[in-house]
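Hello,

Here is the structure we spoke about. Please open it alongside this message and follow the notes below.

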Amino acid sequence: MAVQEMDNQDPLKIEAELVARARALGPQLRATAAATEANRSVLKSNMRAVFDNQLVRFFQPKRHGGFELEWGAQFAIGREVAKNCPSTAWIVAVVGAHGCFLGRMPGAVQDEVWGANQDQLIATASVNRHGGAKREKDGLRIAGQWGFSSGCDHAEWAMFGVHVDGEAVPTQIVVPRSDWTIADTWHVAGMRGTGTKDLVLDDVFVPVSRTLPAGEWIAANPPGSKVNESYIYRVPFLPFVGMSLLGPLFGAAEGAYNDYCAITAERMGTMTGEAAAENAPVQLRVSESAAELHAAEVIMTGQIAYLRDAGKNGKTIPAKKRMEINRDRAFVANLCVRSTERLVGMMGAMGIFEGNPVQRHHRDIMAMATQIGVNWDRNMLSYGRLALGLPTGDAQVDQELGRAAS
Amino acid sequence: MAAVDHSDVTSPTLAEILQRAEGMLPALRERVDEADQLRRLPDATVRDLFDTGMMRILQPKRYGGYEMDWAAHSEAARVIAHACSSTAWIVSVVGAHAAILARMPKQCQDDVWGPNQDQIIATASARKEGAARKVDDGYIVNGTWRFASGVDHADWCMVPAPVEAKERGLQDAPGFLRVLMPKSDYTIQDTWFVSGVKASGSKDVYCDEVFVPDYRVMDSRATFALNPPGAAINPEHYLYSQEFGPYFGSSLLGPMLGAAEGAYADYREITAVREGALFGGKVAGLAQVQQRLAESSAEIKAARLMYEHNNKILHERGAAGISLSTVELSEMNRDRAFVAKLLIAAVTRLVRQMGAMGLYDDNPVQRHYRDLTAMGTQIAVNWDRNVTPFGKHELGLGAEVIGLHKPKKST
């Protein structure tokens, strides 16, 4: 289906169509999952298929050929891709969601990025390794290195969060590929195919038109909301952002579960010659993992419905609910980890071979679960402090609840 | 590292062999990346293993070995695993193959240790396919076997082979044979693409219509049973005469415990000075970090006490010449699986709280974690297989012996 045909459709129908396209790509992604890992970057051929199927346009503004889908579309699409290749799912769902990161920036820089080519993967690099920015007349002068730039090999533009003259709150900047270089630091245990390398800026000038203080960017009504229609460019961004990795994480756990069941149903113990599926403990573990995945799915479905309603209808999300959303994301990630861990440890030595899909999914899930947005301590402690009447450490939340920082 | 002179072998004391193991650690740490990339031990490490006598711990004195007690073997591997689990695996699991050979007929031992007393003796213990067919004076062997750790450095390899179905009943042949072959008899198939203990090089071996003389083939069960043929020429040590299953099945506890201890030490060192990557602040100051460290520490300690208890039982019963009863065996199997579970839980908790830095291949805690979880898939510590029989016995449903190499249903 071409983009023109989908233009006037219900966003939920387009979402369903993109999920179907992701499903159709499944066999190709599965067949190349090992090669993607070895390449430590999404394969060019798969990236082409992602663009051709318009899988990273879900949050791209309509004025630049995108779909402006409902929040949560990245969960559904990422989940489907991750059943076969979590690394490619990360590129689609997490990096693809950067369409609305850019969609909240000033209109002029959006025109620069999407004007020439609407097939864009917009990388970000937000963890500062060293260096920073200095303010100059008409822009910023920047030198330094920033980490965790997933998909940068395939990006023409990248967004950085840089600290200007030592300011506490960073500034978002948009930089073309000609101005940055890649430092290949991505030698890791899982999600190898995401190519989450470092980006280096070496004395680069960024004009003010490509910059926006992060405070304005995440607050309600950032500059991009003047040129783009959807609520995703307009809402206070914090309760929304941070959800994108849960689609790949959940889909990977679901994929691991499906593969485990398919393999175990057929499996005879290598050394014992007994049918693994006949063991009551194996059956119990399958049930427990399935229930955990179901719990995760129910929680995410509820969260997505809530955020869609709040976004569309301009409802304020109260502090307690924001904390609850963060808590639930960490909890869902933990459910996914536990569900898979229980299964992969029980495949015997076949569970350690790199070609075993359950094994790869397990490593990928462990890797995704290290992401700060689903970090257990950070999200659980804040909610626990809230529930116990203490300041949470989140300035906005504490102000809203009238709790002074301790 | 200075080589030990083996020309007039005197066995080292336990303290001496552990000191030699400690001495290897700096070089092993330097080579861990190389070892993982090679997916076998670096040649320099194999030289170190021979020079320090690590492969001689369970080798008979008659062939230049040390004939040390079981605990020496486990302990040396535990220490080595602080730096490199794959090397520890070769010392412990593959090193124990020396005791298996020592239980076989004299001619087998002369063939292997006669020309060269520095040997890594591989075994490929899981049969993919293959069998032995009786001919005059021997067997013709065909097949592919898996998990031949250290096979790249081995001159000899053992495989378990069933006698071909049509031969059964016709010959007075046992169900499963242990076949000893020189490296000219088999080819190595490189299938070892795995997530952990990559350098153990546990590849497949393949052989096609190979003739093996009768004396290099023996009943698998008899090799592990009381008073096997080799006990007559190696009469001094219990490891060559007592039932061997309980020992061999314990051979990966040393490497697993060592990997967990290594992970703990590295985690502690890194976390003591670590600042949060995104938000700054000393990670060590967080109560939940302190608490999880304490929990992992308690698990590792519990595992170590159980491991020491296991070594003590194995030594005492061996020295006294009293076999373990079926119930005692099922208790030992239960405890080994439990030790593995404790260690994996302890290290998983540590690696999971390192954030994204815990992901990088060269993070030592990540390395120990991958190695430990890979070792934990070994059948001797498999949870279901090793704990269920004990529960069954406790509930009055009878005790059963579980053993390896139960023949597959013939196809």
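B:Ala122 has B:Cys157 as its bridge partner, and B:Cys157 lies in strand S4 of chain B. Please keep in mind that this is a predicted model. The pairing behind that bridge is between S4(B) and strand S1 of chain B, residues 121-123. The two strands run in the parallel sense, and three bridges connect them.

S4(B) also pairs with strand S5 of chain B, which covers residues 176-182. This pairing is antiparallel and has seven bridges. One position to look up is B:Trp156, which stands opposite B:Pro182 of S5(B).

Now look at the side chains. Which residues of S4(B) point one way, and which the other way? B:Trp156, B:Met158, B:Pro160 and B:Pro162 point one way. B:Cys157, B:Val159 and B:Ala161 point the other way. The residues in both groups are buried.

How many of the seven residues of S4(B) are buried? The count is seven of seven for this strand, residues 156-162, so the rest of the structure largely encloses it. For this count, a residue is buried if 20 or more other C-beta atoms lie within 10 Å of its own.

Next, chain B as a whole. Its secondary structure consists of 13 helices and eight strands. The C-alpha trace spans about 75 × 55 × 40 Å along the principal axes of chain B. Its radius of gyration is 22 Å, and a compact globule of 411 residues would have a value near 22 Å, so the two agree. Of the 411 residues in chain B, 52% count as buried. If you take the contacts in chain B between residues at least 6 apart in sequence, 74% of them join residues at least 24 apart.

Chain A can be described in the same terms. Its secondary structure comes to 16 helices and eight strands. The globule rule gives 22 Å for 406 residues, and the radius of gyration of chain A is 22 Å, so chain A is as compact as a globular protein of that length. Its C-alpha trace spans about 75 × 50 × 45 Å along the principal axes.

Regards

Key:
Residues numbered from 1 in each chain as written. Chains lettered and ligands numbered in written order. Predicted model: local features only at pLDDT ≥ 70, side-chain atom pairs only at ≥ 80, totals over all residues. Helix = DSSP H or I, 4+ residues; strand = E, 2+ residues; numbered from the N terminus. Rg over C-alpha atoms; globule rule 2.2 N^0.38 Å. Buried ≥ 20, exposed ≤ 12 C-beta atoms within 10 Å, placed from the backbone. Contact = placed C-beta atoms within 7 Å. Pairing = 2+ DSSP bridges.
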